[in-house]
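Hi,

Here is the model I said I would pass on.

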Amino acid sequence: MDTHKRNLMSQSILMVTIFMIFINHSSSTFHGSSGVEQLDTVVEEAEDHLAYPSTSDWIEELKDGMEDDQWQLVQKKGNQFVVNDQPFYVNGFNTYWTWAFNDGQWRALQKSPSVYDEEVFKGLDFVISEARKYKIRLILSLTNNWDAYGGKSQYVKWGKAAGLNLTSDDDFFSHPTLKSYYKAHVKTVLNRVNTLTNITYKDDPTVFAWELMNEPRCTSDPSGDKLQDWIQEMAVYFKSLDPKHLVEIGLEGFYGPSAPGRVQFNPNTYAQQVGTDFIRNHRVLGVDFASVHIYADSWISQSISDLHLQFTKSWMEAHIEDAEKYLGMPVVFSEFGVSSKDPGYNSSFRDTLLSTVYKTILNSTKKGGSGGGSLLWQLFPEGTDYMDDGYAIILSKSPSTSNIIALHSTRLALFNSRCSWKSHWGCRKKNPLETFPLYYDDL
């Protein structure tokens with residue numbers, strides 16, 4: 001979403017605690033049980049959790065259920081994520097204050113090119129160590145397309161201060177010196193040794209993936225060539241430093257010139273003029289999965305409308321289809337939400353939007369498709385309302401929304417554990433999961 005709608009943005013944190021809890025329970029419960037008994041056990045535990053236990057309850061169960069030697073890197077196998085060669089579908093959220101950059105701003109991480117504030121870096125160390133402690137995986141973005149927290153405009157300011165002849169913020173994508181600044185930052189972050197865990201960032205399974213940039217756009221070149229060249233160069237560079245972790249671009253998902261038959265799915269005509277190209281961009285060597293954002297209230301109309309739901313469904317289905325047919329990779333809908341500041345907003349509509357996203361994911365999941373997961377924009381803890389951009393969800397204050405999120409996590413837990421069940425079915429066989437209600441409104 002662009003800066004007219006919000007200045008604070010990133011796609012930053014991926015939370016898998018809820019559904020990992022159920023995986024851990026099920027793995028200890030299933031031995032020696034029949035398939036039906038196994039499903040009954042999981043459903044009973046799911047229903048128990050729909051009473052919405054406290055976050056601390058979830059954390060305690062998770063700590064008991066997963067040892068460090070089980071904390072493995074997430075990998076990609078075909079169009080699915082896997083951990084220990086088992087399917088891994090994700091349900092998560094964003095928090096905009098967690099990312100791997102803050103360029104030249106207040107309390108900057110990178111005060112100037114390759115000059116860092118060690119105390120701020122220790123703050124990132126702490127975030128990663130706490131995420132590891134509670135078995136939360138992170139997608140860490142390395143810079144921003146927008147001005148918030150520096151981003152590409154700050155790199156251009158640094159370049160101008162060094163005497164470079166720069167005319168546009170999009171020079172970030174093409175000027176050799178600015179690209180060297182960015183690469184130096186990437187190298188510093190990936191090679192950082194965490195002062196609390198003594199684990200190098202590029203060796204830590206807590207990192208789900210590296211994101212090249214939050215919502216890259218290059219409006220100065222609608223052909224997309226400039227941004228395509230940058231993605232190609234940087235994806236390979238990331239892999240040269242860290243061949244083990246997944247890499248994604250951070251795109252919003254707009255279709256471009258390489259797929260004229262798909263631009264009909266764009267939310268507006270301007271979307272195909274911002275220099276991005278969903279299919280072409282994701283065919284780059286070194287990019288492991290696709291990212292898509294969903295902001296109908298910014299792209300279609302600000303006033304709440306059923307058109308938002310129709311767009312959300314068609315937008316998701318188009319990208320899942322393309323990820324399967326043309327890309328052969330998972331796709332994560334890595335930002336989606338609705339603002340309480342929108343005209344006509346109510347919490348019931350928000351619940352319906354979440355259910356629409358989750359239904360579409362599950363329709364793909366149950367077929368082994370490319371719908372790898374979704375990340376809500378955004379989840380807030382209590383006491384942080386003053387930072388709310390309109391999209392915040394505080395679980396304790398939103399019980400219906402909380403139940404929808406928890407139920408979706410429970411369903412993904414069933415799919416994630418399906419292939420490890422040693423009983424009447426295999427990963428591709430029809431099984432009692434088909435009889436478990438997939439959708440919130442089925443219950």
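**Notes on the sheet**

Val 331 sits opposite Gly 371 of β13. That is part of the pairing of β12 (residues 331-336) with β13 (residues 371-376), which is parallel and runs over 4 bridges. Strands count as paired if DSSP finds at least two bridges between them; strands (E, at least two residues) and helices (H or I, at least four) are DSSP runs, numbered from the N terminus.

Before you go further: this is a predicted model, so local features need pLDDT of at least 70 and side-chain atom pairs pLDDT 80 or more, while totals for chains, interfaces and linings use all residues. Numbering starts from 1 along each chain as its sequence is written, and side-chain values use heavy atoms, without hydrogens or water.

The open sheet has 4 strands, ordered β5-β13-β12-β11, with parallel pairing. β5 (90-93) and β11 (290-294) are the edges: each has a single partner strand, so one side of each lacks a neighbour in the sheet. On average, neighbouring strands are turned by 20 degrees against each other, direction ignored.

Two helices lie across it. Axes are fitted to C-alpha atoms (for helices, over the stretch in contact, meaning heavy atoms within 4.5 Å), with angles from 0 to 180 degrees between N-to-C directions.

On confidence, pLDDT (the predictor's per-residue confidence, 0 to 100) averages 84, and 79% of the residues score at least 70. Residues 2-65 stay under 50, as do residues 421-436.

Cheers
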